[in-house]
Amino acid sequence: MSHVYIASDLHLGHANICNFRTQFSSVEEHDGTILENYNSLIRKQDTVIFLGDVAFTKERLADVGKLAGNKILVCGNHDLERGIGMQDLVNTYSKVYAFHKKKGFWLSHCPIHPEELRGKFNIHGHVHDKTLEDPRYFNASMENINYTPINFKEIKEIMKDRNYRGDKFYEEC
């Protein structure tokens, strides 16, 4: 059985990441932890939707390309930097989006403005550990999901528990 997972802000190969994620002593430890967590969970038949800022070097982007699963990218503000071009992204991911809609959710890198949600929830990254105090948003940055991709079904259950729109929304999904 295949599953859909979400992950944002991996920051693989980010030279200064340990200044922000201080529990890691080196970029190698940081990247190794994320890749090990990914590899322990994701299988060939799974789909992983990355919500941007995945790899900061071409070498780490090549590592992402070798990971199991069908990989989809919703672009972040750092995905086209440091010599990484759009062709590199297209060669790594099966699909590349600016925004993506899935079963009543907007998937984006940055949180979508509340007036633009149009009755949907927003799964996003970008703000790292600064979670919005609004039940319509789910922050899938690595800091919030234990540095491990999170199952889309689990996010739906979390959103349901927030009881923002009740059962009607979940019947539509």
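Biologist: Which residue in E3 is the bridge partner of Ile49?

Modeller: Ile72 is the partner of Ile49 in E3. Keep in mind that this is a predicted model.

Biologist: What makes E2 and E3 a strand pair?

Modeller: Pairing needs at least two bridges between the strands. E2 and E3 have four bridges, in the parallel sense. Therefore they count as paired.

Biologist: Why is the crossover from E2 through H2 to E3 called right-handed?

Modeller: The label requires a clockwise path from the first strand over the helix to the second, with the strands pointing away from the viewer. The β-α-β crossover from E2 through H2 to E3 is assigned as right-handed, so its path runs clockwise in that view.

Biologist: Which elements make another right-handed β-α-β unit?

Modeller: E1, H1 and E2 make that unit. E1 and E2 run parallel and are joined by four bridges. Ala7 has Phe50 in E2 as its bridge partner.

Biologist: How do you know that both faces of E2 are covered?

Modeller: Buried means under 20% relative accessible area. Thr47 and Ile49 on one side are buried, and so are Val48 and Phe50 on the other. Each of these residues is therefore under 20%, and both faces count as covered.

Biologist: What makes the largest nonpolar core a core, and which members touch the most others?

Modeller: Its members must be buried residues of the nonpolar set, joined through side-chain atoms within 4.5 Å. This core has 42 residues, and Ile6, Phe50 and Ile123 touch the most other members. Elements giving two or more residues include strand E1 (4-7), strand E2 (47-50), strand E7 (121-124) and helix H4 (152-161). H1 gives the largest share, four residues.

Biologist: Which residues is Ile123 in contact with, leaving aside neighbours within four places in sequence?

Modeller: Among them are Ile6, Leu51, Phe105, Trp106, Phe138, Phe152 and Ile155. Contact means heavy atoms within 4.5 Å, so each of these residues meets that cut-off with Ile123.

Biologist: Why are E5 and E8 called edge strands?

Modeller: The open sheet of four strands has the order E5-E6-E7-E8, with mixed pairing. Strand E5 (100-102) and strand E8 (137-139) each pair on one side only. The twist averages 25° from one strand to the next.

Biologist: How do you know that E5 pairs with E6?

Modeller: At least two bridges are needed. E5 and E6 have three, in the antiparallel sense, so they pass. His100 stands opposite Leu107 in E6.

Methods
Residues numbered from 1 in each chain as written. Predicted model: local features only at pLDDT ≥ 70, side-chain atom pairs only at ≥ 80, totals over all residues. Heavy atoms only, no water. Buried < 20%, exposed > 50% of the residue type's maximum accessible area, 1.4 Å probe, protein only. Axes fitted to C-alpha atoms, helices over the stretch in contact; angles between N-to-C directions.
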